[in-house]
Amino acid sequence: MKIQGKVALITGASRGIGKAIALELAQQGVKRLILVARDRQKLAEVAQEIEAFGTEIIIMDLDLTESVKVNIAIAQLWRTDGPIHLLVNCAGVAYQNSFLQSKLPQVQEEISINLLGMYNLTSLIARRMASQKEGTIVNVSSLMGKVAAPTMATYSATKFAILGFTQALRRELAEHNIRVVALLPTLTDTDMVRDLKLFRGVTPMTPQQVAQALTRGLEKDSSEILVGWQSHLAVLCQNLAPWLLEIVLRLAAPRKQPQTNLIKSLVTKIQHFSNSLFSRNRLAFGSARK
């Protein structure tokens with residue numbers, strides 16, 4: 001996708017990854033940015049930063065869970081400032097709790113914003129993109145959309161759902177010349193993440209690195225954009241040695257727990273794996289000699 005001269009709508013644009021994507025698109029020459037978030041003051045501050053690049057800015061303080069207001073706002077927006085060529089669904093919240101201590105209101109908020117709000121907005125924009133036979137939709141999932149994390153059960157569930165939703169839409173909307181892309185960043189240094197207990201051994205990326213990975217992926221027409229070597233390593237490990245990844249996740253989980261049994265389990269499994277590999281090689285060598 002060529003970004004220059006396009007119109008883009010970004011949700012969650014007041015901070016973090018959404019803000020970084022807005023700034024990156026402005027630097028890449030996007031014609032107009034429509035910034036959506038709940039906090040109008042923060043949106044105005046982001047708009048002020050972007051104006052230096054000469055990009056047209058529209059800010060919309062919207063709560064994506066209020067579907068009627070969103071429907072009206074998008075209809076008005078499309079009439080006055082459409083069409084929209086690029087939709088980036090970045091709005092999201094995360095709460096970190098042991099599942100057994102999870103609170104239903106927080107669970108409902110994560111599902112409402114991360115999934116249902118994104119779903120409703122996407123349906124409104126996608127119908128209009130289909131009529132113009134052009135568009136790109138980027139759904140910001142997460143590495144946790146492929147590798148679920150302890151203490152983040154609901155967040156992981158929403159991100160898995162977003163990835164499945166993206167894959168289904170990619171096939172369904174292709175006939176309308178609409179590309180649907182999944183962006184999967186690893187842990188990123190944002191305001192939201194600073195309130196969480198970090199996983200041991202995981203180095204957060206910057207929002208700017210995520211935004212740059214997105215623009216590179218759009219230029220290459222990638223369907224899934226994994227961000228950072230840790231993401232690629234985790235997915236590779238999940239495919240080749242899921243038992244190893246399971247132990248690593250338990251060791252890295254941000255909670256106090258005895259590690260001795262986990263380490264013993266890891267050593268035992270590695271030994272079994274090595275013995276199995278050695279046995280297969282020995283049988284193959286014996287067969288070759290015969």
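The following dialogue goes through selected features of a predicted model.

Trainee: What should I know about the model before reading it?

Mentor: Residues are numbered from 1 along each chain as its sequence is written.

Trainee: What pLDDT does the chain average?

Mentor: pLDDT is the predictor's confidence in each residue, from 0 to 100. The chain averages 85, and 82% of the residues score at least 70. Over residues 257–264 the pLDDT is below 50, and this stretch has eight contacts in the model beyond near neighbours in sequence; contact means heavy atoms within 4.5 Å. Where pLDDT is low, the predicted coordinates should not be read in detail.

Trainee: How many helices and strands does the chain have?

Mentor: Helices (H or I, at least four residues) and strands (E, at least two) are DSSP runs, numbered from the N terminus. The chain has ten helices and seven strands. Of its 290 residues, 46% count as buried, where buried means under 20% relative accessible area, exposed over 50% and partly exposed in between, with a 1.4 Å probe and protein chains only. Among contacts between residues at least 6 apart in sequence, 68% join residues at least 24 apart.

Trainee: Are H3 and H4 roughly parallel or roughly antiparallel to each other?

Mentor: Axes are lines fitted to C-alpha atoms, for helices over the stretch in contact, and angles run from 0 to 180 degrees between N-to-C directions. Angles under 35 degrees count as roughly parallel, over 145 as roughly antiparallel, 65 to 115 as roughly perpendicular and the rest as oblique. The axes of H3 (residues 67–81) and H4 (residues 104–132) come within 9 Å and cross at roughly 25 degrees, so the two helices are roughly parallel. Residues of H3 in this contact include Val70, Ile74 and Trp78, and those of H4 include Leu121, Leu124 and Met129. By class, the contact of H3 with H4 has eight nonpolar, four polar and one charged residues; Ala, Val, Leu, Ile, Met, Phe, Trp, Tyr, Cys and Pro count as nonpolar, Asp, Glu, Lys and Arg as charged, and the others, Gly among them, as polar.

Trainee: At what angle do the axes of H1 and H7 cross?

Mentor: The axes of H1 (residues 16–27) and H7 (residues 207–219) cross at roughly 50 degrees and come within 8 Å. That makes H1 oblique to H7. On the H1 side the contact includes Ile17, Ile21 and Glu24, and on the H7 side Val210, Ala211 and Leu214.

Trainee: Which peptide bond is cis, and where is Pro83?

Mentor: The bond from Gly82 to Pro83 is cis, with omega near -5 degrees. Pro83 sits in the loop between H3 and strand S4 (86–89).

Trainee: What phi does Lys133 have?

Mentor: Lys133 has a positive phi of about 55 degrees although it is not a glycine. Lys133 lies in the loop between H4 and strand S5 (135–140) and, at 44% relative accessibility, counts as partly exposed. Asn177, also not a glycine, has a positive phi of about 65 degrees; its loop runs between helix H5 (153–173) and strand S6 (178–185).

Trainee: Which residues does Glu56 touch?

Mentor: Not counting residues up to four places away in sequence, Glu56 touches Lys31, Arg32 and Leu33. Glu56 lies in strand S3 (residues 56–61) and is partly exposed, at 37% relative accessibility.

Technical notes: This is a predicted model: local features need pLDDT of at least 70, side-chain atom pairs count only at pLDDT 80 or more; totals for chains, interfaces and linings use all residues. Side-chain values use heavy atoms; hydrogens and water are left out.
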